[in-house]
Amino acid sequence: MRFKADEIVSVLQAEIDQYRAGLDAREVGRVLEVGDGIARVYGLSGVMAGEMVEFIRRDGGDPIRGLAFNLEENSVGVIILGNFLEIAEGDEVRTTAALLRVPVGDALIGRVVNPLGIPMDAKGPIVTDLSRAVESTAPGVAGRQPVNQPLQTGLKSVDSMTPIGRGQRELIIGDRKTGKTAIAVDTIINQKEENVICVYVAIGQKESTVSQVVERLQASGAMDYTIVVVTAASDPAPLQYIAPYSGCAMAEYYMYEQGRDTLCVYDDLTKQAAAYRQLSLLMRRPPGREAYPGDIFYAHSRLLERSAKLAERFVIVPGDADEKKVTEDWSVARNPDNTPVVFNGPLDDEHPEGKKHVDEALRKYPGHKLAKVPNSGGSLTALPIIETLEGEVSAYIPTNVISITDGQIYLQPDLFFAGVRPAIDVGISVSRVGGKAQTPAMKKIAGSLRLDLAAFRELEAFAQLGTDLDKATQAQLDRGYRMVELLKQPQFKPMNVMDQVMMIYAGTKGYLDKVGLKEVAAWEEQFLRFVREQKADLRNALLKDKKLTPAIEQQLKAALDAFRPQLKAKV
């Protein structure tokens, strides 16, 4: 084969013309000292707070990432997101002009990852081009809507007395070994048919404990819609500090990009606060109460404020438009600057002013319709967990998180060891969303349950004095004992909300008054089986309407009366 000189020259000329010198300008510094998960670096005078930096390894391996944490006059304090033992004094550090990001998307579903998105489950690499910044701004007031849709936990005592709504932040608080994680795991398991993406963030936990949780989620089929983010107790403090923000970013992808409902469990923020305190003290930040830094409240508030029920967005589009593909740019209504007119929901009968405004706009465009933007209206529900010491809810971190969240579920050790599980103290447990986060049927029958149980506890304490009780008081005590038994629930067995409605109705209406205390659990199991097998139309009507209408209530009473002769348990 012969080469022509003019062809070679033309190819070289073309390459020279297309050549562009790529200038990669980065600031470079040197490590002054390193240890305990932090490094002090000299030379990065232009680095920004929260910027990601890279430590260049001497063995030529992948760089170790870090975050600019403290910006000082002569040096920069960096928290190391990796093995700090592989970094030595004098190592090169480079800026990246980027914020820390984690991979997101469906590739993470069913996986166990660390806070950087690196897989920990030996199932191969995570292949995704999608990523999201670990730190992001919470949505503003205009971008939200009121919480009005329940997130069912499957636990009778929670769904009836301290209901959780989608987009709410409900704190789970109590001493160690009182069942805090069990409530969160049961809630995740119960989302199997609810179309909710779940993220479980384990912060500073024993690896054996996390392994048990993952096995339970797998056995229940919950890993099909769950991401597990793990930092073990042996991991460096920087990873424990950023873990909840990483988990939140993974959930936010589904809320913002797909308009889906998500649930994020932070187990637990006490350990994250301890990790942040460690980093701050090592960085010589001034300590405050209980040696925590002054901005520890902000560390938790900026995380939990990212939980929201996003407003639904609507646009006016042609009548034949495919609503599944609608974007804001499809809007035919335009502002003076040619930006699309977008209507924020909800646009229902409870918000007549917004609905009236939309109706007036629609009249200007005959043959058009109002369409919801598909990726709007998502939610992120947060279940932060806080561990108390000897029930001290007035300590610094518990009071901080209580003031940030929209209610708390307080677990009482005395109840737990007495066999009342979930060990919820109804006296100080509260949901600040309340009945808005309940189905109409549950709201109707559980309205006075909290007050009745609180009154029962007071009466029980009075009865322990040995005072003779009249017949009505004794009957009230007996019903209270049966309601406590009825609200007990085995771990990892969440119950459908309509089954809960039937059981609480039976308890509050006196159908259990003649059932022995030890037979309440057997009565419950047999009655639910009886309804499924012989009264399926009753259960189907409840599931369809979600209301306890007079007709359905009569059916329920008839079912309870018909069940009495069939009761197999000894009463």
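Strands here are DSSP runs of E at least two residues long, and helices are runs of H or I with at least four, both numbered from the N terminus. Everything below comes from a predicted model.

**Figure 1. The whole chain, for orientation.** The protein chain carries 17 helices and 20 strands. Its C-alpha atoms fill a box of roughly 105 × 65 × 55 Å along the principal axes. Of the 571 residues, 50% are buried. If you look at contacts between residues at least 6 apart in sequence, 74% of them link residues at least 24 apart.

**Figure 2. Ala97, a positive phi in a strand.** Ala97 sits in strand β6, which covers residues 92–99. Ala97 isn't a glycine, yet its phi is positive, at about 55°. Most residues other than glycine have a negative phi. Ala97 counts as exposed because its relative accessibility is 66%, and the cut-off for exposed is over 50%.

**Figure 3. Asn195, a positive phi in a loop.** This one belongs to the loop that runs between α3 (180–189) and β11 (196–205). Asn195 has a phi of about 60°, again positive without being a glycine. With 54% relative accessibility, Asn195 is exposed too.

**Figure 4. Two cis peptide bonds.** The bond from Asp267 to Asp268 is cis, with omega near -5°. Asp268 lies in the loop between β13 and α6. The other bond shown goes from Arg421 to Pro422 and is also cis, with omega near 0°. Pro422 is part of the loop joining α10 (413–417) to β20 (430–431). As a reminder, most peptide bonds are trans.

**Figure 5. The largest nonpolar core, and another one apart from it.** The largest core gathers 90 residues, and Ile188, Leu217 and Tyr266 have the most contacts inside it. Helix α5 (residues 237–257) is the top contributor, with 13 residues. Zoom in on Ile188 and, beyond its neighbours within four places in sequence, you'll find it touching Cys198, Tyr200, Leu217, Ala222, Tyr225, Thr226, Leu263 and Val265. Apart from this core lies another of 46 residues, including Leu486, Met503, Leu538 and Phe563. In soluble globular proteins, nonpolar side chains tend to be buried together.

**Figure 6. Helix α5 against helix α7.** The axes of α5 and α7 (residues 296–304) come within 10 Å of each other and cross at roughly 15°. That angle is under 35 degrees, so the pair counts as roughly parallel. The crossing of α5 past α7 is left-handed. On the α5 side the contact uses Tyr241, Pro244, Tyr245 and Cys248, and on the α7 side Ala299, Arg302 and Leu303. By class, that makes 6 nonpolar residues, no polar ones and 1 charged.

**Figure 7. What covers α7.** This helix is mostly covered, with 7 of its 9 residues buried. The buried set is Ile296, Ala299, His300, Ser301, Arg302, Leu303 and Leu304. Their cover includes α5, β13 (261–267), α6 (269–282), β18 (379–388) and α9 (396–404).

**Figure 8. Ser307, a buried loop residue.** Ser307 lies in the loop between α7 and β14 (308–309). Its relative accessible area is 1%, so Ser307 is buried. Setting aside residues up to four places away in sequence, Ser307 touches Arg144, Gly167, Arg169, Leu380, Thr381 and Ala382.

**Figure 9. Helix α14 against helix α17.** Here α14 (residues 497–508) and α17 (residues 550–563) pack at about 70°, their axes 11 Å apart. The helices are therefore roughly perpendicular, and α14 passes α17 in a right-handed crossing. Met502, Tyr505 and Ala506 of α14 meet Glu553, Leu556, Lys557 and Leu560 of α17. Sorted by class, the contact of α14 with α17 has 5 nonpolar residues, no polar ones and 2 charged.

**Figure 10. Phe343, buried in strand β16.** Phe343 belongs to β16, residues 343–344. Phe343 is buried, with a relative accessible area of 6%. Contacts of Phe343 beyond four places in sequence are Glu312, Arg313, Phe314, Ile316, His357, Val358, Ala361 and Leu370. Its C-alpha atom is 10.0 Å from that of Glu328, 15 residues away along the chain.

**Figure 11. Val141, an exposed loop residue.** Val141 is placed in the loop between β9 (131–133) and α2 (156–161). Its relative accessibility is 75%, so Val141 counts as exposed. From Val141 to Thr226 it's 85 residues in sequence and 29 Å in space, C-alpha to C-alpha.

How values were computed:
Residues are numbered from 1 along each chain as its sequence is written. This is a predicted model: local features need pLDDT of at least 70, side-chain atom pairs count only at pLDDT 80 or more; totals for chains, interfaces and linings use all residues. Side-chain values use heavy atoms; hydrogens and water are left out. Axes are lines fitted to C-alpha atoms, for helices over the stretch in contact, and angles run from 0 to 180 degrees between N-to-C directions. Angles under 35 degrees count as roughly parallel, over 145 as roughly antiparallel, 65 to 115 as roughly perpendicular and the rest as oblique. A crossing is left-handed if the near helix is turned anticlockwise from the far one by less than a right angle, and right-handed if clockwise. Contact means heavy atoms within 4.5 Å. Ala, Val, Leu, Ile, Met, Phe, Trp, Tyr, Cys and Pro count as nonpolar, Asp, Glu, Lys and Arg as charged, and the others, Gly among them, as polar. A nonpolar core is a set of buried Ala, Val, Leu, Ile, Met, Phe, Trp, Tyr and Cys residues joined through side-chain atoms within 4.5 Å. Buried means under 20% relative accessible area, exposed over 50%, partly exposed in between (1.4 Å probe, protein chains only).
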